[in-house]
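Have the structure open and follow the selections in order.

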Amino acid sequence: MTYVVKDECIKCKHTDCVEVCPVDCFYEGVNTLVINPEECIDCGVCEPECPVDAIVADTDPAVAKNELDYWIHVNTEYSKKWPNITKKKDALPEHEEFHPDKFPDGKKDLFDENPGDGD
Ligand code: SF4
Ligand code: F3S
């Protein structure tokens, strides 16, 4: 089991999550974060920290199995490529415009595969 970051994070990147992770397993892309599933110890403390509910357990019954599989894959692959982030920074300036409530079909298509700055 692991926790994963889903598309709600894209173009928001509030980063409240990174401060609480006891094993520093968040990695930063240009417009979203991911969790390294091999490093995550499933403590669950990051989940309630995200103001846009982007973090879910990979066993969450409220999320479709194919959707979970997709995001587990994204988190696994990009956590190998992106820099580590452990300190909170400002949310992206466009975060209000890209609040998940405004995207009933999700924001998957807005994912940017380029690395962020990290700490
Ligand atoms: Fe880190 Fe715990 Fe969240 Fe896993 S569940 S990413 S270990 S805070
Ligand atoms: Fe993203 Fe939420 Fe963390 S928006 S950066 S998963 S606090």
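Start with ligand 1. It has 13 residues around it, and those that come nearest are Cys21, Cys40, Cys43, Gly44 and Cys46. The model is a predicted one, so keep that in mind while looking at this site.

Colour the shell of ligand 1 by residue class: twelve residues are nonpolar, one is polar and none is charged.

Now show the cavities. Over the whole structure, a search finds two of 30 Å³ or more. Ligand 1 sits in the second largest cavity, whose volume is about 60 Å³. Which residues lie nearest the centre of this second largest cavity? Select Cys21, Cys25, Cys40, Cys43 and Cys46, which belong to a lining of 13 residues. By class, that lining of the second largest cavity has eleven nonpolar residues, one polar and one charged.

Move on to the largest cavity, with a volume of about 80 Å³. Ligand 2 sits here. Of the 13 residues that line the largest cavity, select Cys9, His14, Thr15, Cys17 and Cys50, which lie nearest its centre. The lining of the largest cavity comprises nine nonpolar, two polar and two charged residues.

Finally, select the surroundings of ligand 2. Among the residues there are Cys9, Lys13, His14, Thr15, Asp16 and Cys17.

Methods
Residues numbered from 1 in each chain as written. Chains lettered and ligands numbered in written order. Predicted model: local features only at pLDDT ≥ 70, side-chain atom pairs only at ≥ 80, totals over all residues. Heavy atoms only, no water. Near = heavy atom within 4 Å. 1 Å grid on protein atoms, 1.4 Å probe; cavity = no way out; pocket = protein on both sides within 12 Å on 5 of 7 lines; lining within 4 Å. Sits in = over half its atoms within 2 Å of the grid points. Nonpolar A, V, L, I, M, F, W, Y, C, P; charged D, E, K, R; others polar. Points joined across faces, edges and corners; volume = space filled by probe spheres on them.
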